[in-house]
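Please consider the sequence and the three-dimensional structure shown below. The paragraphs that follow lead through selected features of the architecture.

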Amino acid sequence: MSPNDNEPAVSLRIRQPTMADYVRQDTRRPHPLPSNRFNPQTTTDSRVHAVNYSSAKRLVTDKDEKVSACLHLDGMSSATQPARSKRKSAAIDYLALTCIKGLGDKGIAHVLAQVGRDAGTIAEFFRCSPRCLRERYGLRSSVADNLASQVEQAGEKAVAIFQRACDLGIVILAPGDAEYPARVREFYDDTPPLLYAFGNVSLLDSACVALVNSAKPVAHALESTLALASRLAEAGQTLVVGTESSSYNVVSLAAKRADGCTIYVMHHGLFAAVKPGPQCEPAPLTRCLGEPLAPDRSLLVSPFRLDGRWQKGNGPRRDQLVMALAKRIVAVDVKAGGTIEELCREAIRIGRRVFACQIVERTKAARANESLLAGGAAALVADPAGSNVDIVLDAQRPAETLFPTDDLERRRSLGQFFTPPEVAQFMWNMVEVLRGKKWKAAARVIDPACGEGVFLKVAAERGHAAKNCFGVDIDETLVPLWQDDERLRGARLFRASGLLDNPSIGLVPGSFDLVIGNPPFSGQGLKDLLQLTQSPASSSTQRQRSLFGDEPDESFAKDADANVHMIGRHQRAILDYLARQLSRYACWRLRDGLDDGANESLAETLNGGGLFADLDLDSERPIRASDYERMARAVADWPVDRPLDTSQPEVRDTIRRLASTAIEVFFTERFVQLAKPGGMIAVIVPESILASDQLAPLRLWLMRQIQLLAVVSLPQKVFTGVGAKAKTGIVFARRYTAAELEAHAKAPGRIAEELRDKKILLTSPHPDADDWSFDDYLLGVTESAKRVADANI
Amino acid sequence: MVVSLSQIEGTEYHLGHTWTVTTLGDIAQSNRFNPAYFEDRFVQVEQQLREMGANALGRFIPELLPDGSKGITYGQVGSRDFHPRGVVRYLQVINIRDTGIDFAIKPDRVAEGSHNDPPRSRVLKDDILLTNTAFRGTETLIGRCVVLSRDFGKLNISQDIDRIRVVGVSPYFVGAFLKTSYGQLQMQRVIHGVDSQKINFGRIRALLIPDIAKETQEEVQRQYVEMSKRHDRAMAIKERLLEDSGVDPGRFGETINALANEKPAYGRAIKEAEERLGHLISQLELVIEGRQQKLTPFPA
């Protein structure tokens, strides 16, 4: 209770007493002392203690380099010697404060805050009367009454600690110092802690990111944390970590492997962590790499007194400092109601950039992450490659610089041609007609390249449960559109690549009743993969070692050093993962349909055949299916913890083939992959998929996977509104069940006899006709589909 | 087997829409998913030609010619470096008209032996030129063909034109046939492309061409050459006009055409060429369909 609580309102105008007032009162008239604990014989005037204590301070010479380092005074010129002395004195005062028995870290922080508010000094604090200490600084009576008796002892101890800190190269940062990180002050409101640091203090000014998990995160969360941390470290970000939990350990491991910068926040005093001589890594997991701490790339920070040991309650305070030091925070797997969630909320409240990973599974963590997302955190999809790290990296750039190019141009580059709503409605009508019944609300629907989410909006309008509607798109500019649209509220929308599996967001093959959408076509496609072959693996990336002690390939690293790095290491790692994942697709290595004589007449008419007829990779002999298999295996068998070795011909050729395969080809296969056996597929494809001779093997493959139900050509003008005049068509199909696939395998022509006579509706518009209208066309096709569906039944 | 929707419910075509119902077996056999490929008009043409024992055009196109070039080839891919004083005339799609070659519009030239003048795609008398690509809004340009009825000197082609040299069949008959509805429908069926439309070598080789008596082929050639003479006469007038007016043909092709149309001699010549071509095509179609044994001469 404040002394003024019982005063009438008018008394509130009375000036609050300052510390100087108390000091003046105390010098004028001795304060009443508690009789039972205070011993006037042993307790002298506090000013006397200050004098004695000051004399001890002089033992530490100002000119000592270690002292300068400890006080972080390296930048100060000799002309500011008085300032240096003052700083040193203040630092010892701070340390003395920590040596007062009964005054914990929180209490010290409180005292420092009050000193800061009064623009006073700690020396003045030491001179305060017990009453002043109680009333003004909130000290407990036992501490306040005994402070005077402890000052001298504490001062001497402080000098000794200071001397040791100087010897070890530990830096003391007080909240009042200019070097004290402003963002830590923001996080702690009025009680920022005294910080002790060892290592490269300038890292505090760098781009710091913290990746946090609650205790005992699930395995895939740790995997995602490791991946994101690796990408961030490779991109030159400083990672802020604790030292004990598994989550912090993998982050520090990632930083170490990528030769990145790390700020370790200790959960005990620095004396226990810093010893004379080469320092070992504070995180146990990083010690397995067998290298000492790199002082230029590391900083150990502790909010705990230098000689303090671990005690209960240190963990949350360590986590708080981790959050406080980070400019951006990534919450990967946060449990509801825990410290991390609370700290994340605080970070959001003060305007810090917080990213929360989206998790589909109904776990405690998922609820907390969802709650953070609802509270203002930015959404992030975690995957084993950290593919979405650009969202975190872009957060440090002004928004207007993120997408400098013209929007339409950018969309063309991405191959985005957004679907008109009437086409989306039509496709939904058609799948219901061809299926013969309406969808249940529980049916799982996905659009793996959802764009603005037009197909999912139609699903919502038709009463589909939002939680069963999934949408994925790689374009981050769409996220605000999803958030603003009421119809998409509750739908599972993720910024991720629809081509890659990701169990954490439910993107798993064979798990959807309906796969519907308009995937990208043309544009830049997967050409970025070629950067893997054009630029060498960066030397440090190559030097990444496995956890199991494999030695790096030094010869390769030497070659890599000799070349110019064309892409960032983190980008390279993401492309590496993409190449590995795409190499598992069938579409880029399809040739067997023509090779095995299944369609000889067609093969005869084609000049070259295959997806890569114009890719003159091996003029000696035609590429066989077995070559592709060998190439795919070379990539699949490459160790996960090492970058692909693009100097190997198989790997190199695989990447080139992946990059030269059109993105629509991959997406066509992806639609098939995602559908459950017996599930429906409705996909808008460019005409090349339907008619190109080069893609004949793809169609052969498709016919073994799906039962075509209808193909509807669209007039070229459908996408003119978005800058495209492409010939496209819609394929409606059903994925074969296991039994049907078995029947196909036995059939001589690869089509089971009982399915040969199944009817397929094919329609093409003639928009040049006078009374032609697109709406009538779509309506007419739907009507006809009903008849064909009836005929098939 | 292609089943019309009418066999399910009495309607075959809506105005402006084409509806086809086919079977999975048919799709598997053709390995095409594009609906237009299965339209009745295309299917019927193919059926008719097969019934009359037509051969694939590829049978008459040798893989390699005695000079080492391929029987079917296109011009150099890549940048076009025109040379105003070059001795090699460079043909582009715009120079190919129904009745023949128009050198008056964009009469570009390239240096002899330059990368735009590879020996493999040099054009000689009796060669067939077929446009193989169309870009947005120019779909009508694809599938145009001409046969060179005389020697035009050193001539080369762009990548959007195929040069076809046939053996064992009259090139004039092939050229005229490709202009008939039988040839055009076959090509329309297999033209494909997302942004630009294309027809590739494989599909050209697969085009069906009826087996016509040698005498009839000779008559086609005779009529074609006559038609070409009219066309060349018209073009000569236009080229003279070009020289006299000083109009930049590269930029003002329409102006040149307008000026030429004002010349009665030009109008007469081009009109007669078009009429002769129309006559030739209709006569050839009648012969293919078996409704006529021989081509009747162009009425005087």
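How are helix 10 of chain A and helix 24 of chain A oriented to each other? In this predicted model, helix 10 (residues 219-234) and helix 24 (residues 569-582) of chain A pack with their axes 7 Å apart and at an angle of about 140 degrees. Angles over 145 degrees count as roughly antiparallel; helix 10 of chain A and helix 24 of chain A are therefore oblique to each other. On the side of helix 10 of chain A, the contact involves Ser230(A), Arg231(A) and Glu234(A), which meet Arg569(A), His570(A), Ala573(A) and Ile574(A) of helix 24 of chain A. Classed by residue type, this contact of helix 10 with helix 24 of chain A comprises three charged, two polar and two nonpolar residues.

Elsewhere in chain A, Ala459(A) lies in helix 19 (residues 454-461). Is Ala459(A) buried or exposed? A residue is classed as buried if 20 or more other C-beta atoms lie within 10 Å of its own; Ala459(A) has 28 C-beta neighbours inside 10 Å and therefore counts as buried. When neighbours within four places in sequence are left aside, the contacts of Ala459(A) are Val445(A), His464(A) and Cys469(A). Thr243(A), by contrast, is 216 residues away along the chain, and its C-alpha atom is separated from that of Ala459(A) by 47 Å.

The discussion now turns to the interface between the chains. Contact between them involves 51 residues of chain A and 37 residues of chain B. Several elements of chain A each supply at least two residues to the side that touches chain B, among them helix 31 (696-705), strand 15 (706-714), strand 16 (728-735) and helix 34 (774-792). Which element of chain A gives the most to this side? Strand 17 of chain A does, with seven residues. By class, the side of chain A that touches chain B has 25 nonpolar, 15 polar and eleven charged residues.

Strand 17 (residues 759-765) of chain A runs antiparallel to strand 3 of chain B, and seven bridges join the two. Within this pairing, Lys759(A) stands opposite Thr23(B), and Leu761(A) stands opposite Val21(B). Strand 3 (residues 17-23) of chain B is largely enclosed by the rest of the structure, because five of its seven residues are buried.

Chain B also contains an open sheet of four strands, with antiparallel pairing and the order 5-12-8-10. Its edges are formed by strand 5 (72-74) and strand 10 (145-147) of chain B, each of which pairs on one side only. From one strand to the next, the twist averages 20 degrees. Strand 5 of chain B is joined to strand 12 (residues 161-164) of chain B by three bridges, and the two run antiparallel. Here Thr73(B) stands opposite Arg163(B) of strand 12.

Helix 4 (residues 171-179) of chain B packs on this sheet, where it touches strand 8 (128-131) and strand 10 of chain B; the direction of helix 4 makes about 160 degrees with that of strand 10. How many of the residues of helix 4 of chain B are buried? Nine of its nine residues are, and the helix is mostly covered. The buried residues include Tyr172(B), Phe173(B), Phe177(B) and Lys179(B). Their cover includes strand 8 and strand 10 of chain B, together with helix 5 (181-190), strand 14 (208-209), helix 7 (214-245) and helix 9 (264-288) of chain B.

Methods:
Residues numbered from 1 in each chain as written. Chains lettered and ligands numbered in written order. Predicted model: local features only at pLDDT ≥ 70, side-chain atom pairs only at ≥ 80, totals over all residues. Axes fitted to C-alpha atoms, helices over the stretch in contact; angles between N-to-C directions. Parallel < 35°, antiparallel > 145°, perpendicular 65-115°, else oblique. Contact = placed C-beta atoms within 7 Å. Nonpolar A, V, L, I, M, F, W, Y, C, P; charged D, E, K, R; others polar. Buried ≥ 20, exposed ≤ 12 C-beta atoms within 10 Å, placed from the backbone. Pairing = 2+ DSSP bridges.
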